[in-house]
Amino acid sequence: MTTDTPKGPASYFPAIEKKYGRPIAEWQDLIRSSPLTKHMELVTWLKTEHGLGHGHANALVAHTRAEDSGK
């Protein structure tokens, strides 16, 4: 039996959208437009500038960077 339940970082996406009121695509656009390039720099930026929790920020950065690298 297969399920459509997201795995990995994407499993956080429904909670992120609900808690912060922005679609995931908007968060990804912010990450992609940031001059920061390192994973933890981006996580810290999302936490300090946008009020995200560590797990949510980490999931967004990890998923966005994986998408961008073709993985």
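Me: What does contact mean when one speaks of residues in a structure?

Reply: Contact means that heavy atoms lie within 4.5 Å. The model shown here is predicted. In it, if neighbours within four places in sequence are left aside, Leu42 is in contact with Ile31, Ser34, Leu36, Thr37, Val61 and Arg65. Leu42 has its place in helix 3, which spans residues 39-50.

Me: Is Leu42 buried or exposed?

Reply: A residue counts as buried when its relative accessible area is under 20%. Leu42 has a relative accessibility of 3%, and therefore it counts as buried. A further value concerns distance: Leu42 and Asn58 stand 16 residues apart in sequence, and their C-alpha atoms are 8.4 Å apart in space.

Me: Which residues of the largest nonpolar core touch the most other members?

Reply: In soluble globular proteins, nonpolar side chains tend to be buried together. Here the largest nonpolar core has 15 residues, of which Ile16, Trp27, Leu46 and Leu60 touch the most other members. At least two residues of this core come from each of helix 1 (13-20), helix 2, helix 3 and helix 4 (54-68). Helix 3 gives the most, with 4 residues. As for Leu46, if residues up to four places away in sequence are not counted, it touches Trp27, Ile31, Gly51, Leu52, Ala57, Leu60 and Val61.

Me: How many aromatic pairs are there?

Reply: Two aromatic rings pair if their centres lie within 6.5 Å, and planes over 60 degrees apart count as edge-to-face. The count here comes to 1 aromatic pair. Tyr20 and Trp27 form this edge-to-face pair, with 6.2 Å from centre to centre and 80° between the planes. Both Tyr20 and Trp27 are buried.

Me: At roughly what angle do the axes of helix 2 and helix 4 cross?

Reply: Crossing angles of 65 to 115 degrees count as roughly perpendicular. The axes of helix 2 and helix 4 come within 10 Å and cross at roughly 75°. Helix 2 is therefore roughly perpendicular to helix 4. Where they meet, helix 2 contributes Ile24, Trp27, Gln28, Ile31 and Arg32, while helix 4 contributes Leu60, Val61, His63, Thr64, Glu67 and Asp68.

Me: Which residues does Gln28 touch, beyond those up to four places away in sequence?

Reply: A contact list may be read from either partner. Gln28, which lies in helix 2 (residues 24-33), touches His63, Thr64 and Glu67 when residues up to four places away are not counted. Thr64 lies in helix 4, and, with its neighbours within four places set aside, Thr64 is in contact with Gln28, Ile31 and Arg32.

Me: Why do Gln28 and Thr64 count as buried?

Reply: The cut-off of 20% applies once more. Gln28 is buried because its relative accessible area is 8%. Thr64 is buried because its relative accessible area is 1%.

Methods
Residues are numbered from 1 along each chain as its sequence is written. This is a predicted model: local features need pLDDT of at least 70, side-chain atom pairs count only at pLDDT 80 or more; totals for chains, interfaces and linings use all residues. Side-chain values use heavy atoms; hydrogens and water are left out. Buried means under 20% relative accessible area, exposed over 50%, partly exposed in between (1.4 Å probe, protein chains only). A nonpolar core is a set of buried Ala, Val, Leu, Ile, Met, Phe, Trp, Tyr and Cys residues joined through side-chain atoms within 4.5 Å. Rings of Phe, Tyr and Trp (its six-membered ring) pair if their centres lie within 6.5 Å; planes under 30 degrees apart count as stacked, over 60 as edge-to-face and the rest as tilted. Axes are lines fitted to C-alpha atoms, for helices over the stretch in contact, and angles run from 0 to 180 degrees between N-to-C directions. Angles under 35 degrees count as roughly parallel, over 145 as roughly antiparallel, 65 to 115 as roughly perpendicular and the rest as oblique.
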